[in-house]
Amino acid sequence: MSRDTTTFAPDEIDYNTSKNETFQNVLQARLARRSLLRGAVGSAAAAVFGSVGLSACGGGDDEISPLPPTTKPLDKLGFAAVAKSLADAVVVPAGYTASVIYALGDPLSASTSAYKNDGTDGDFENRAGDHHDGMEYFGLSADGKPDVRGSERGLLVMNHEATSHAGNERASAFVHANGGTNTLPRPAAEVDREVPLHGVSVVEVKKTGAAFGYVKDSAFNRRITPLTPVALSGAAAGSSLMKTKYSADGKAGRGTLNNCGTGATPWGTTLTGEENWAGYFTRAAADDAARGNDKSVASLKRYGRNQGAASRHGWETGGADDKYARWDISKKGASADGSDDYRNELNTFGYLVEIDPYSKTSAIKKRTTLGRFAHESAAFSKLVDGKPLAVYMGDDSRGEYIYKFVSAANWSAADANPADRIATGDKYLDAGKLYVAKFNADGGGEWIELSINNTAIKNASNYSFADQADVVVNARLAADAVGATKMDRPEWCASHPVTGEVYFTLTNNSARTLATVDAANPRFYEDTKGSSTKQSGNVNGHIIRLAETAEATGTAFKWDVYLFGAEAGADKGMVNLSSLTEDQDMSSPDGLWFSRATGLCWIQTDDGAYTDKTNCMMLAGIPGTVGDGAKKTLAYSGKSVDTYVGKAPTADTLKRFLVGPVDCEITGCAETPDGKALFVNIQHPGESISSATVADPSKYLSHWPGNAGYGAGGANARPRSATIVITKNDGGVIGS
């Protein structure tokens, strides 16, 4: 989820060449007729936190359960808004404290050495990975048993999405003493260091006195990396599309990769989303012909792997060992099913992966029935005993879709605390129906089932589907075939803990033009970043939401636009449609998470458009409901566009809560059940550094969190992704 303005990140590239309608087209006609939302937001004053820094990346929604009886939804934000900041520090409101507790390289066992942060550290299988992202908190009792109300001891399950490298460089500069090798072949020792920087951490955190810290020698601590054995589960398990040299029966895979958002299941496990995995693999320049130009070529291209495409890090060149060979997905073997090479390896990535945080021995399962695409987070519907449950998902790339899965099994409250959590996941996530959203112009929408029995899929002209396994593995192609609505990079999604309405961030769209503006994406404007960088399109992004018209398991919904990102000083008639103030303005909403303790909506940014004025940030909001807004008309030269904008936020309903250090993304959000400790991730501070200048600390854009007193290096430290914990100085509930 790079913010580089000179090159496209993988999620900013449009691989969808279908002629399906865009979200903008249908939203225009619809919003001209009915009202939208009420953007609930507010404002206040701020204090800079310079003694400890933080880093973050979006957040996913937990299961929807009743609010703990010791807390209640807030109807007013009680803190003073934080001002915009360009400081290399974490800024939180007056009366709050932020502390770093877990950073890149921190050891996860008593026998692992302290992190030197000079590029000489190894053993990353037993250390915190890089690019901390989505995370979930799972409570523990004092004696180490699962406890949904455990607020002084718990487990953080945290994604490590990627690793920092500048522009088109291959090496992760900060973890190599000399910045690493950017030519091919890559040294095996460098590859072996970079691979386990990715994946997932399970780490115990504990409150001692008034402060939280991570427990270095906890028996719960572990890393899950791209080499950890996993099981393929659900509709595609055992399919010929999943057979590889590693798993001839197509039922197993290795690891998880480019993990972005998360979602906590109602039975106490984590779902972690695999997002931009395709870029880690390469194909030979003549691979289309080697495959006989069969239908696998169409699939590979739809998922962003053209023949001759270079891999992100060149890991395939590390040596002859199988752990390097897997990154080359060219057809090399003679088998008909791919069991003698890695031509199908790409098909084993792109899923929601289920992990039991409490058990090191339980299987890790990729839930294939929920579809294969660039997964962000997973948001569950409100639970109704005796009814199926729904899981909402977004595909983070320009022109992609919003999905929903409905379980075949009916929810049973007894499954909230099962003896075998992964077996419970089998029950609810391996069988059910996968849907894709089509947004209608009248403010309604329909969920279209992606089934091999759907005539549009069975007789599709864009791809020849063989069975349901083929449908879920190639969910993008199936969604193309049924005419789903193209969206602008659906990022995180989250469910309101009271209303059950589902919110999706649409981060931005630099491809928006005056010719394509419409009611749902009504803004086309130019903006100058700094003194000379020109930006245009829907520069600052927006947030949409939907409400099921009956049950979450139904096929009809209504929708509107919740909030438009914008600079406070921008034209309120054409750009700043939500009338954001200096205490509320933002750009590129990405992470999105609802607190079950307070009902607050936390909005996190991954921005490159407004970073001449402020580093990335996190805001707290109290939103309204679908359909609570009013119409506005945008008058362009020779063209008018009607849209509907929520009621202008107030200082009580939307405020900036946090600003991060330089060159970071704020992402990942979790809290203790009592709402008194908020965990946030600071991702890739100062990532824009080349290997050639890694030896010169004066060239670093950020030195956080070393400059805040955490870890080795001090004021000249190499920057590190890290998790912070935020508490209120009076011991109260966050946001009150």
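Which residues of helix α4 (residues 295–302) are buried? Keep that question for the first stop.

**Before you start**

This is a predicted model, in which local features need pLDDT of at least 70 and side-chain atom pairs count only at pLDDT 80 or more, while totals for chains, interfaces and linings use all residues. Residues are numbered from 1 along each chain as its sequence is written, and side-chain values use heavy atoms, with hydrogens and water left out.

Show the whole protein. It has nine helices and 36 strands. Helices (H or I, at least four residues) and strands (E, at least two) are DSSP runs, numbered from the N terminus. The C-alpha atoms fill a box of roughly 65 × 60 × 60 Å along the principal axes. Of the 736 residues, 65% are buried. Buried means under 20% relative accessible area, exposed means over 50%, and partly exposed lies in between (1.4 Å probe, protein chains only).

Contact means heavy atoms within 4.5 Å. Take the contacts with a separation of 6 or more: 72% of them join residues 24 or more positions apart.

**Stop 1: helix α4**

Select residues 295–302. The buried residues here are S296, V297, S299, L300 and R302. Step past the helix to G304. This glycine follows α4 and has a positive phi, near 90°.

**Stop 2: the sheet of nine strands**

Select the strands in this order: β15-β16-β18-β19-β20-β27-β26-β23-β22. They form an open sheet with antiparallel pairing. Two strands pair if DSSP finds at least two bridges between them. The edge strands are β15 (375–380) and β22 (490–495), and each pairs on one side only. Neighbouring strands are turned by 30° against each other on average, direction ignored. Angles here use axes, which are lines fitted to C-alpha atoms, for helices over the stretch in contact; angles run from 0 to 180 degrees between N-to-C directions.

Zoom in on β19 (residues 432–439) and β20 (residues 444–449). Five bridges join these antiparallel strands. Find K438. Its bridge partner in β20 is E446.

In a regular strand the side chains alternate between the two faces of the sheet.

**Stop 3: the sheet of four strands**

Select β3, β36, β35 and β34. That is their order in an open sheet with antiparallel pairing. β3 and β34 (665–671) are the edge strands, each pairing on one side only. The twist averages 25° from one strand to the next. Look at β3 and β36, which pair over seven bridges. T97 has T727 in β36 as its bridge partner.

**Stop 4: a hairpin**

Strand β31 (residues 630–636) and strand β32 (residues 639–645) pair in the antiparallel sense over seven bridges. K631 stands opposite Y644 in β32. How many residues lie between the two strands of this hairpin? There are two. G638, in the turn, has a positive phi of about 80°.

**Stop 5**

Most residues other than glycine have a negative phi, and most peptide bonds are trans. Here are some exceptions.

Select D123. Its phi is positive, near 55°. D123 sits in the loop between β3 (96–103) and β4 (132–139). Buried or partly exposed: which is D123? D123 counts as partly exposed because its relative accessible area is 36%.

Stay in that loop and select S111. S111 counts as exposed because its relative accessibility is 72%. The C-alpha atoms of S111 and K216 are separated by 9.6 Å, though the residues are 105 apart along the chain.

Jump to S588. This residue is not a glycine, yet it has a positive phi of about 60°. S588 lies in the loop between β27 (556–564) and β28 (589–594). S588 counts as buried because its relative accessible area is 1%.

Now look at two cis peptide bonds:

- L184 and P185 are joined by a cis bond with omega about 0°. P185 is in the loop between β5 (153–160) and α2 (188–194).
- W704 to P705 is also cis, with omega near 5°. P705 is in the loop between β35 (677–683) and β36 (722–728).
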